[in-house]
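Dear colleague,

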Amino acid sequence: FAGLADVSISEDIPVEGEITVPVGSRSPDEDYSTLDEPVRDTIMRDLKAVGKKFVHVMYPKKSSALLRDWDLWGPLVLCVSLALMLQGGSADSKDDGGPQFAEVFVIIWFGAVVITLNSKLLGGTISFFQSLCVLGYCVLPLTVAMLVCRLVLLAGAGTVSFIVRLVVVVAMFGWSTLASTAFLADSQPPNRKALVVYPIFLFYFVISWMILTFTPQ
Amino acid sequence: ARPSAMAAPGAAAGGGSSRSGATEWGGFEDNMQGGGSAVIDMENMDDTSGSSFEDMGEMHQRMKEEEEEEAAEGEAGAAEEEDGEFLGMKGLRGQLGRQVADQMWQVGKRQASRAFSLYANIDILRPYFDVEPVQVRARLLESMIPVKMINFPQKIAGELYGPLMLVFTLVAILLHGMKTSDTIIREGTLMGTAIGTCFGYWLGVSSFIYFLAYLCNAQITMVQMLSLLGYGLFGHCITLFVTYNIHFHSLFYIFWLVVGGLSTLRMVAVLVSRTVGHTQRLILCGTLAALHMLFLLYLHFAYHKVVEGILDTLEGPNMPPFQRVARDIPVVSNAVLNTTAKAVALTL
């Protein structure tokens, strides 16, 4: 400030200029203004993010991409497609033995919320929506299993098909549980991992059970 | 304290100023001095500023009426005009009122959000989930071992993780049982019934026994009761898991007596150790034992698949009659329904 000591402003020169500092002139605000881009770009960007997360689920390495940029599009798509595929499987169609769409939807979301609350109460460091995101994305292997089951059931519904379905569902159930454990268990204190894994196991077990006992009309 | 909630039923004064919907509360803030600040410029205040809340209420009501009447017209132009008119009309009596009402609104909002964060805070439950896996395993095993010493109060851990997980496990096992027995739920869903049954039992019977304990002067808190009954469901889980898969009725009775009995005995012993007086002990423990054992019986027979062939070869003729009712052979039930419907139609 030494250099300013001799600055003086004479009275008759009007002071003018911008007093507001342009905020964010150096920050990448222009990049985030996505209102002007074509809709296709927006959709493709979101789809790519969702696709990348699918890949992370199928090959669960310890990466933080799922946790960092969480989104709920993937879980929604998976949940809706699983619930749609579980439709129409019942003994009597009127009073049904198969789950309704709303039932599957509620089970998945309610179950995910309960697991999240449980992990937070046990001292987890993960946030609510991050956990929902991970649990939702890890339903992907089970959705694939459902698809395979439906295809197998098209071929017939005998003992062989049951065994094939059983194997596929059990494998996918294990994959789901392992994938979600890989993401979620890190956020827990180390001696309590089992306490968090058990409800996840139950959750995917219930979904696998619904898939395995699905019989089309 | 929303001002509109205290709106006087008086008619909207004048109604001369047109107001479009966009101004709403935001428009007033532009007009108010200091925006949302607490500084009130007294220069512009009229001192007849009583009943400011009625003013707010009237303004709000007028705004609503005019929203309904008009489509959005030139909002910006109309806003300035009408605020000028408004000032002219009401004087500035409303100015102070508006400021005060705005502040009340802010305070009310702050209080509501504080109350919400206080009661909806899940940290209230955090101490009940503070367990280690070793402890949970130890408690699960202990729940099957009846205590011997009933002369001084036994310790009950007030923990909710174990019971909650056991209830969910019971739900899963029940679902499995319902599926394999092809139970048809008419009013509701499979999942809803399972969850309702298990949670209803856990919460309902806990509350009922807690109430009885209060009457019988037993020393037990609600959380402890929830915990005790929750761990008592471990026996149920084991029994049902085994007998939903292996369909021997004699096996079920053995499990019912042994496993169910053990867990009931443990709960009863703990309760007895905390109650004084023979009658009270009898009432409390008799009720709990009856409810617990009957629940297991209910879960088994309500959702159990009747495997006719195996039963015929194993049980012989001395099976109680109601077990022979095939719960759900669709053909038979449809035929019965059809004949009943036809009979009813004929009589009508």
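**Interface and helix packing**

Two salt bridges are counted between chain A and chain B. In a salt bridge between the chains, the side chain of A:Arg192 meets that of B:Glu132, with an N to O distance of 3.2 Å. Please note that the model is a predicted one. The contact between the chains involves 25 residues of chain A and 26 residues of chain B. About 2400 Å² is buried between chain A and chain B, and carbon and sulfur atoms give 65% of this area.

Within chain A, helix H4 (residues 73–85) and helix H7 (residues 140–155) have axes that come within 10 Å and cross at roughly 25°. H4(A) and H7(A) are therefore roughly parallel to each other, and the crossing is left-handed. Among the residues that make this contact are A:Leu78, A:Leu82 and A:Met85 of H4(A), and A:Leu142, A:Met146 and A:Arg150 of H7(A). By class, the residues of the contact of H4(A) with H7(A) are eight nonpolar, two polar and one charged.

Within chain B, helix H6 (residues 161–180) packs against helix H8 (residues 222–243) at an angle of about 30°, the axes being 8 Å apart. H6(B) is therefore roughly parallel to H8(B), and their crossing is left-handed. The contact includes B:Gly162, B:Leu166 and B:Ile173 of H6(B), together with B:Gly230, B:Phe234 and B:Leu240 of H8(B). The residues of the contact of H6(B) with H8(B) comprise twelve nonpolar, five polar and no charged.

Yours sincerely

Definitions and conventions
Residues are numbered from 1 along each chain as its sequence is written. Chains are lettered from A and ligands numbered from 1 in the order in which they are written. This is a predicted model: local features need pLDDT of at least 70, side-chain atom pairs count only at pLDDT 80 or more; totals for chains, interfaces and linings use all residues. Side-chain values use heavy atoms; hydrogens and water are left out. Axes are lines fitted to C-alpha atoms, for helices over the stretch in contact, and angles run from 0 to 180 degrees between N-to-C directions. Helices (H or I, at least four residues) and strands (E, at least two) are DSSP runs, numbered from the N terminus. Angles under 35 degrees count as roughly parallel, over 145 as roughly antiparallel, 65 to 115 as roughly perpendicular and the rest as oblique. A crossing is left-handed if the near helix is turned anticlockwise from the far one by less than a right angle, and right-handed if clockwise. Contact means heavy atoms within 4.5 Å. Ala, Val, Leu, Ile, Met, Phe, Trp, Tyr, Cys and Pro count as nonpolar, Asp, Glu, Lys and Arg as charged, and the others, Gly among them, as polar. Buried area is the accessible area (1.4 Å probe) that two parts lose on being put together, summed over both. A salt bridge is a side-chain nitrogen of Lys or Arg within 4 Å of a carboxyl oxygen of Asp or Glu.
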